[in-house]
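Hello,

Here is the structure I promised to pass on. Have a look at it first, and then read my notes below.

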Amino acid sequence: MLCAAAATEAAAQDGTIVLNQQLQLGDIFAGQTLNVVDSQDQVTVRTSAQGNSASGAVYNDAITVQSDQAMEGDAVATTDITLGGDTYGAVNVTTQAGGNYLAASAYDATLTLDATQSTDDGLISATTEIGDSTARLHAGAAVGASAISNTVAVYGQTSTVGGTIDQSSSAIVRSFSRIESQYIPDAASVTSQAIVNAIAVNSDNTSGQDLGLRQRSFGAYIEAEASANAANAWDLAARARATANQAVLYNEGGSVVTASDQRNSSFVRASALTTAYDYGRAEAYARGAANELSVGNNDIYVEIDNTQFNTGGVDVISTFSGTNGYDVAVGADAVGNSVTGYACSECEGYLEARNTQTNTGDVSAVANTTVAGSNRSVITGANAVGNAASFYVSRPGN
């Protein structure tokens, strides 16, 4: 494992190269089972299973990070909590499973990446289940499950970030999160996230980016499912997101040049279910995407060369079922290929984009809403798109 202290010491030499090679052959498993009755304070639980992990940072210098991570086993994390009676503190439960993880940061420096991540046939799975039919969660709950096959996270401050990132996976990626309760007189959310390949690059304070990205998803399927259930709930939400390939890049104070190639053949499914007999506010939202790229710069120059190819199906369904209450929101979004690029409008930004998108997979979005009694408002939406491209010179929200 590459630690921040080691990277900092190495960066004291000009032209430093850090070599990281990790191979995980066996299975990784983490699990917790709790039985809690009439808790007077908080219930906080975290469960994590990770195959390979490396992180480092450079200050006031230049460094090249060459990293090769391979995951050939399963990574499975499970949390199962029975909450009986009254729980007076907040309930916070997080379950995470991952194959390969790389994080790098640069401060007043130059960071060059040569990163490769691969996950072989196997399973990356995170499951969270809490409560029971008698559970009364007086301070609300935040319950989540996240499964990601490959992750690269980069941060730069007054720095330049460049190089290449190559991710591939043939694993099944699955997340499931559920809450069951009798009474929740506070906000309660259930989230589920499943991603095969994830890249996040964030740089600010006069920085710049020049990156080549390659992502491949070949596994049988990716699935995220969230289920929030209560007899009486004040503010209850289930949110699920499933994505094969995802890259999000943001910069401030310099140029951004990105060449991205994303390809998916996996089946993508996202499902959100919310049920409540009596409710104040209820929400069910699910989003599924095969390939997603977002490139933004709060400065003048953005250049994007994007290629996306999807042959896998995308299936999204959101469902609410209740009797008496006030406000209901149900949404389902499904997309085969999506790219967004933007530059600053206040600084006379310039954006140059070359975009090629091909989608041959079926894309489906369904929103189901049932109100058996009376309520105040219902807002629903279902959107399915094969290829979506948006390029503009402004900031999001303008």
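A word on terms: two strands pair if DSSP finds at least two bridges between them, and strands here are DSSP runs (E, at least two residues), numbered from the N terminus. This is a predicted model, in which local features need pLDDT of at least 70, side-chain atom pairs count only at pLDDT 80 or more, and totals for chains, interfaces and linings use all residues. Residues are numbered from 1 along each chain as its sequence is written, and side-chain values use heavy atoms, with hydrogens and water left out.

I would start with β7. It runs parallel to β3, joined by 16 bridges, and Ser 53 stands opposite Tyr 101 of β7. On β7 and β11, also parallel, there are 16 bridges too; there Ala 106 has Gly 156 in β11 as its bridge partner. Because 12 of the 17 residues of β7 are buried (under 20% relative accessible area), this strand is largely enclosed by the rest of the structure.

What does Val 91 touch, leaving aside its neighbours within four places in sequence? Its contacts (heavy atoms within 4.5 Å) are Val 43, Leu 83, Ile 130, Leu 137, Gly 140, Ala 141 and Ala 142.

Val 91 also belongs to the largest nonpolar core, which has 58 residues. Such a core is a set of buried Ala, Val, Leu, Ile, Met, Phe, Trp, Tyr and Cys residues joined through side-chain atoms within 4.5 Å. β15 gives the most to this core, with 11 residues. A second, separate core of 30 residues includes Leu 102 and Val 302.

Enjoy exploring!

Note on methods. Buried < 20%, exposed > 50% of the residue type's maximum accessible area, 1.4 Å probe, protein only. Helix = DSSP H or I, 4+ residues; strand = E, 2+ residues; numbered from the N terminus.
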